[in-house]
Amino acid sequence: MIASDELSNLITTAFDHPEEPGSKGINVFLLIELADLPVIKAEAGVEIAKLYADEFHHRARRLARTYDDFFAIAEGRVALVLRRIQNTQQIELAAAKLSRLFEDPIEVSSDSLYVKPTSAFVVPIKRRTAAEEILELAERGILQAKHTDKAYVVISPGKLPEQNNNWHIQKEVEAAFERGEFTLYYQPKIHANFGSLLGAEALIRWLSEKNGLANPGTFIPYIENAPIIRPLTWFVIKSALSKCSQWPASISVSVNIPTMLLNDDEIVAVTRDALGLYEMDPARLTLEITESGFMEQPERSLTILKQLRDLGTMISIDDFGTGYSSLAYFRNLPATELKIDQTFVNNMCTDPRDEALVKTIIDLAHNFGLKVVAEGVEEKAQVEKLKEMGCDVLQGYLFGEPMPAAEFQKMIDKG
Ligand code: C2E
Ligand code: CA
Ligand code: CA
């Protein structure tokens, strides 16, 4: 168990720290309580209750991803700092995973009991929110959840992008799209063993007179649920295919498909038409999807993904490891590729846990028949380890940053 001043210090560090360079999203505090513990104590006795509390801690700990922090605060009470949370959907995914972790009853001696955790997510309004304030908000959240009979509540999610509250930037993007200010950059994907060029991931850039070159992190999260995401994505698919049709047949292209469009039939028609228009072998197109995209409406998304796969395109699971699903969850997906998120690749040479995780992901993915791409490869040492582990494809600054099409063409020409 952690002492309260120690907990205060840890929370302070987590919420008073400048953003790590390149880090995505913000930190969210999560308090989880086994609300029934007093009842269990009264009915089964203190000793037995302790066994239930131990199993509760054990299961709750499994919610933490490698870069999250986990604290055991008291019997039947734990806290986490969830890092890199980018939108409210990710909080919903975390809550869904928490409830999955408690799907099965806890068995103690010959008894078994269904146990439901109660939790409160706190999204600090400003970065320098004091530890005491965060804890107090979390306490109030737990009370509110109990009173309203909810599994979890989210306190002040004001800072996270949500549908319809980013009207201003959506309008700006719409106007910029009309003016033709969006373009695609291409980042090379390399064969891990042969070092040969296999293709590129198309990454959008916004080039305006006012702001110069803007990366997608500054606008995509704000428009992902807005109507403009549809024409913008159709533009990405068409431009990427048009470019790829000019490359040698051995070079393929990947595009990012936002969450919302996995529930949209039109993506199938747009992809089919574009493949036809540019007379492209569909196997040269990979559609990168993320787990949140899939989990919102799993059945509908599955139907659409199957239709896309039936067209002959490849399907890649992007940012793998940053979400709350296990690989087993993806076993029904018609995926062909899995991309290990760069967080794990970054740390694999310094943190043995990340190294083990990367190895496990590669083996599991191979067992599911998926090709594995490592993202964010920046160092030679990472290349050596990834090759040893059997990783298939490498992508990262070491081989090339995202670049304009003309520069990528030069890379192709060099061979
Ligand atoms: P992503 O799909 O995970 O793309 C990989 C990101 O990692 C790219 O950032 C890339 O520049 C960066 N990256 C690649 N190698 C390295 C490396 O070695 N070190 C580091 N530190 N970073 C590396 P970018 O281009 O800023 O894109 C950010 C995110 O924006 C993408 O993440 C993707 O989720 C989204 N995005 C990009 N293009 C599109 C698009 O056309 N449509 C949609 N819907 N989303 C897009
Ligand atoms: Ca991607
Ligand atoms: Ca990625």
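**Entry 1: Gly 323**

I began with Gly 323, which sits in the loop between E13 and strand E14 (337-340); strands (E, at least two residues) are DSSP runs, numbered from the N terminus. The model is predicted: local features need pLDDT of at least 70, side-chain atom pairs count only at pLDDT 80 or more, and totals for chains, interfaces and linings use all residues. Residues are numbered from 1 along each chain as its sequence is written, ligands are numbered from 1 in the order in which they are written, and side-chain values use heavy atoms, with hydrogens and water left out.

I looked up the burial of Gly 323 and found a relative accessible area of 17%, so this residue counts as buried (under 20% relative accessible area, 1.4 Å probe, protein chains only). Leaving aside neighbours within four places in sequence, I found Gly 323 in contact with Arg 65 and Glu 291 (heavy atoms within 4.5 Å). Gly 323 and Glu 291 are 32 residues apart in sequence, yet their C-alpha atoms lie 6.9 Å apart.

**Entry 2: the calcium ions**

I next listed the donors of the calcium ion (ligand 2): Glu 201 (OE), Asn 256 (OD1), Glu 288 (OE) and Asp 318 (OD), at 2.1 to 2.3 Å. Donors are N, O and S atoms within 2.8 Å of the metal (3.2 Å for Na, K and Ca); water is not among the atoms, so sites may look incomplete. I noted the sequence spacing of these donor residues as E-x54-N-x31-E-x29-D. Distant parts of the chain are linked here, with Glu 201 in strand E9 (residues 197-208) and Glu 288 in strand E12 (residues 285-289), 87 residues apart.

I checked both glutamates for burial. Glu 201 is buried at a relative accessible area of 4%, and Glu 288 is buried at 2%. Asp 318 bridges the calcium ion (ligand 2) and the calcium ion (ligand 3), which lie 3.9 Å apart.

**Entry 3: ligand 1**

I then turned to ligand 1 and recorded polar contacts (pairs of N or O atoms within 3.5 Å). A polar side-chain atom of Asn 256 lies 3.0 Å from an oxygen atom of ligand 1. For Asp 318 the corresponding distance to an oxygen atom of ligand 1 is 3.1 Å, and for Gln 342 I read 3.1 Å. On its own, ligand 1 has 800 Å² of accessible area, of which the protein covers 85% (Shrake-Rupley method, 1.4 Å probe).

E9 and strand E13 (314-320) are the elements that give two or more residues to the shell around ligand 1. The largest share, 4 residues, comes from E9.

Technical notes:
Buried means under 20% relative accessible area, exposed over 50%, partly exposed in between (1.4 Å probe, protein chains only). A polar contact is a pair of N or O atoms within 3.5 Å; within protein, one must be able to donate a hydrogen and the other to accept it, and residues adjacent in sequence count only if both atoms are side-chain atoms.
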